[in-house]
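Trainee: Could you take a close look with me at one part of this model?

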Amino acid sequence: MRYPAISSFRENMFFIRIFMILLLSCLTVKINLCFSSIPYSLKSLTLDGHFNFDEVHHAARDFGNRYHFLPLAVLHPKSVSDIGTTIKHIWDMGCHSELTVAARGHGHSLQGQAQVHRGVVINMESLQGPKMQVYTGNFPYVDVSGGELWINILHESLKYGLAPKSWTDYLHLTVGGTLSNAGISGQAFRHGPQISNVHQLEVVTGKGEIVNCTKKQNSDLFHSVLGGLGQFGIITRARISLEPAPDMVKWIRVLYSDFNTFARDQERLISAENTFDYIEGFAIVNRTGLLNNWRSSFNPQDPVQASQFESGGKTLFCLELAKYIHSDETDLVNQEVENSLSLLNYIPSTLFISEVSYVQFLDRVHVSEIKLRSKGLWEVPHPWLNLLIPKSKIHDFAEGVFGNIITETSNGPILIYPLNKSKWDNRTSVVIPGEDIFYLVAFLSSAVPSSTGKDGLEHILTQNKRILDYCETANLGVKQYLPHYTTQEEWKTHFGPQWEVFVQRKSTYDPLAILAPWPENISKGNTFLMTSTLIYYLKEKGPHCMQERCLDYKFCKPVTRNFPCFLIYCKSIEEAAVTS
Ligand SMILES: Cc1cc2nc3c(=O)[nH]c(=O)nc-3n(C[C@H](O)[C@H](O)[C@H](O)COP(=O)(O)OP(=O)(O)OC[C@H]3O[C@@H](n4cnc5c(N)ncnc54)[C@H](O)[C@@H]3O)c2cc1C
């Protein structure tokens, strides 16, 4: 028996279902079209360079090899105006668009810092602009593109007998990439990090404006972008300070079995007047008692004693020094090296010296890169941890970490060396500990892919977490270098008193949070940032709705960067009509 009411209900349901399916599929098509139409609106821009929609997989990788965010498109800019035009276009799309942009230097970040999920990656190495230009004279400098590799700057400036003063240990990194962090190596105790050796920058802000800045002109923007993690603008050109380049380098390694003696000597050296040109150090975690390749290509001063030296399974500390040799000064340099070494307290049989060209010295990590690449060991996960530790806490740190956490093997080099705070400019965005001397400690681990053992990613990440937990529990006042956090609370703690400055700068130079979106939680949900963005919008772009028209405005739901994220209370219906 058929119940008409039920049967007609069933029929209705059938049609409703069909209708819903059709509606949903229409919506899906619309949503997909909506997403895919974003890069096509970019495609219509008139540029010297071009967008590439096929290279997105390459742009979703970096040296860390752990984070993979797929962008929608990769821009290969030929000129600064390509970058300006693209960002301006996205800025003009306003809050309605969620499109974001990441500058990619050489992609040697560790945790997706140069990546962007469903946004635009700007391949900075494609940027051409004016040719690299060296200026000689009393205060020499070089003008370079933000996408230039430091190795190319070295080769070009050497043609004039000059070279930058401050380096990173590895030179196949871009100017914009290292200046967005700091750029630290063994010369930083004397010259400061790379960000202390820049005279001028050209920057494209998050509003698409192209701005020149120096310590005096637009100085807030200048200091913001240095160490600014790409948050405030894209560095398209930089003027970098140069010095006369040495011809050769005396490169020295000595060992210590006691951390306190090692650190005391390091600190004495970085404070001395007439000292070495490069001062670093590293730990050798060596439970087996066999010494690894720390001395390869170095000659022992006393070969017999050196061959008899054994670590006894202890963790050792290697002080690494370099003295630059200008051709006419060889004898003087030898004498100075001898004098400086005579004041140190290393294990006497462990003095190893080598003499190499300046390029060989600076480009030393590239030699390891070639070897590792040939063995397929370069493109593995790199769960690196870089810390800046106040001098007063470095002994507690060493005791806790080398005494309890890293005792058997290190899975990669562990650098330890002190830096002078006086060589850092506290107006830049980089965050460092407050003491006059602080240490860089870098755990440069490589993980064996798919290993579940002590050389595997999980084990190394757990070890990193133990180190960070120890630093927090022991209240060591540690700051991360090349920082990466997942919550806004952690970012606030990282910036400490500089948080307000960070937020202020973000709202000034990138109010729609278009740039470098990787540290998602830096700005998300931050009322201050949202407020200033909002006020900016109301003043500059919003419906003309300031005090005389509106009683007040109030946040609704700041989910997107969209206008409807606030409610406007108007004095009258007529004014509401004008406002809308
Ligand atoms: C083997 C190796 C050795 C290293 N040694 C050192 C060292 O000795 N000292 C040291 O300080 N660091 C060192 N680093 C870290 C390195 O400085 C950073 O990872 C740096 O960011 C990498 O530069 P990149 O050109 O690959 O930048 P990317 O990884 O491409 O970018 C890094 C960040 O900068 C932003 N960015 C890139 N270009 C620009 C630009 N033009 N304007 C604004 N923002 C930009 C990106 O959006 C991203 O947030 C080393 C890294 C590696 C892999």
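By class, how many nonpolar, polar and charged residues does the lining of the largest cavity have?

Mentor: Happy to! First, this is a predicted model, in which local features need pLDDT of at least 70 and side-chain atom pairs count only at pLDDT 80 or more, while totals for chains, interfaces and linings use all residues. Residues are numbered from 1 along each chain as its sequence is written, and side-chain values use heavy atoms, with hydrogens and water left out.

Now to your question: the lining of the largest cavity has 9 nonpolar, 6 polar and no charged residues. Here Ala, Val, Leu, Ile, Met, Phe, Trp, Tyr, Cys and Pro count as nonpolar, Asp, Glu, Lys and Arg as charged, and the others, Gly among them, as polar. A cavity is a set of points, on a 1 Å grid over the protein atoms alone, where a 1.4 Å probe fits but cannot get out, and lining residues have an atom within 4 Å of a point.

The whole structure holds 4 cavities of 30 Å³ or more, and the largest has about 100 Å³ of space; grid points are joined across faces, edges and corners, and the volume is the space filled by probe spheres set on the points. Of the 15 residues that line the largest cavity, G227, L229, V430, V431 and P483 lie nearest its centre. Two elements, β19 (479-481) and α14 (488-495), each supply at least two residues of that lining; helices (H or I, at least four residues) and strands (E, at least two) are DSSP runs, numbered from the N terminus.

Key
On a 1 Å grid over the protein atoms alone, a cavity is a set of points where a 1.4 Å probe fits but cannot get out, and a pocket is an open set with protein on both sides within 12 Å along at least five of seven lines; lining residues have an atom within 4 Å of a point.
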